[in-house]
Amino acid sequence: MKAAVQECAQAPLVLQDVPVPGVGPREVRVRVRACGVCHTDLHLGEGLFKTFGYDPFPLVPGHEIAGVVDEVGSDVTHVRCGDPVVVYWWHSCGRCRCCLAGEEESCLEGLSRMNATGLTRHGGYAEFVSVPAESLVPLPAEIEFAEAAPFSCAGLTVYAGLRNAGLRPGQRAAILGIGGLGHFGLQIARAMGAEVIALTSSEAKREIARRLGAHHVLPAAGREFGKQLRELGGADVVVSTTMDFQAIRDVLDGLRPQGTLVLASLTAGRLPIDPRTMILAQQRVMGTFLGSRSQLGELLKLAVLHGIRPVLEKYPLERVNEVQQRLRQNKVQFRAVLEP
Ligand SMILES: [Zn+2]
Ligand SMILES: [Zn+2]
């Protein structure tokens, strides 16, 4: 089969002809119909995970996978060949207190012994991928494969952030940064019943932000996100999807009393937090990582009910290096998927 292989860090992907993966007794092979290209794939290629003690290369990257069940292991009874599926790519132990609570993304073993399709096991930049059987989530017929793939990382990350922040209908949700995650955030927050505010400094994204569900787009001018958000009346939940740390610092000023800032993008820096302000306003700053398998199922249902879909660029597998370069240069509108 065709696969794009990352042979080592800091090197372009190489298209290779490799054996079709086999299936263990509790595994399923999926014919990949679409695989999203995520910023994490760039971090992987840059060798970031070496700093966590992992050297997974050579590896087939790709964790936003949608496809069709192609073969099932001897112990697998809950899916059949031909079933359309999305892969929940973060593989947890199933035994720790987080897993038992249905919060696999916080699996104590998973975080210490990273086991993830596309990061430490071969992923979806290929025609086929084998994954643990319990990682499959049924794909509703209403959603196409290419549209489905980005839900498993970009979509899920913002959905879980909004859910875990406790967003309620009628509240205000602001999405900082309108890209791969943020453009999902506008649609999802709207579907969850919020008044939605897009925070973007890009003139070009104002119109599409409104089309995707934003009731307001800020800033009107300049880059004073926090000040303008406060003048509009503030937000109960702000989800940051930007790599612009200054913007994240700034947006804290726009949080309402009892509001929550949700950090969803892997950016570095130190936030200025004054305990007195936080105490009096009872505010929270929280991180969010991925989301759970059941939340992925919920999100796909929400997508069917409310017409939530990513805005896509589609490419054949052969153009993977060009696609990653577009992502690196912030040119992708708004999620790129490979169709192997
Ligand atoms: Zn991702
Ligand atoms: Zn666990």
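Reader: Hi! Which residues make up helix α11, and how far apart are its end C-alpha atoms?
Author: Hello! In this predicted model, helix α11 covers residues 293-306, and its end C-alpha atoms are 20 Å apart.

Reader: Nice. Which residues of α11 are buried?
Author: They are Gln295, Leu296, Leu299, Leu300, Leu302 and Ala303. Looking down the axis of α11, you find these buried residues within an arc of 160°, so they line one face of the helix.

Reader: And what's on the other side of α11?
Author: There you'll find Lys301 and Leu305, which are exposed.

Reader: Back to the buried ones, what covers them?
Author: The cover includes two strands, β5 (84-87) and β7 (136-138). It also includes the helices α5 (154-164) and α6 (182-191).

Reader: What follows α11?
Author: Gly307 does, and its phi is positive, near 70°.

Reader: New topic! How do α1 and α12 cross?
Author: Helix α1 is residues 39-46 and helix α12 is residues 320-328. Their axes come within 10 Å and cross at roughly 105°. An angle of 65 to 115 degrees counts as roughly perpendicular, so α1 is roughly perpendicular to α12.

Reader: Which residues meet there?
Author: From α1 there are His39, Asp41 and Leu42, and they meet Gln324, Leu327 and Arg328 of α12.

Reader: How do the residues of that contact divide into nonpolar, polar and charged?
Author: Between α1 and α12, two are nonpolar, two are polar and two are charged.

How values were computed: Residues numbered from 1 in each chain as written. Chains lettered and ligands numbered in written order. Predicted model: local features only at pLDDT ≥ 70, side-chain atom pairs only at ≥ 80, totals over all residues. Heavy atoms only, no water. Helix = DSSP H or I, 4+ residues; strand = E, 2+ residues; numbered from the N terminus. Expected span 1.5 Å × (residues − 1). Buried < 20%, exposed > 50% of the residue type's maximum accessible area, 1.4 Å probe, protein only. Arc of directions from axis to C-beta. Contact = heavy atoms within 4.5 Å. Axes fitted to C-alpha atoms, helices over the stretch in contact; angles between N-to-C directions. Parallel < 35°, antiparallel > 145°, perpendicular 65-115°, else oblique. Nonpolar A, V, L, I, M, F, W, Y, C, P; charged D, E, K, R; others polar.
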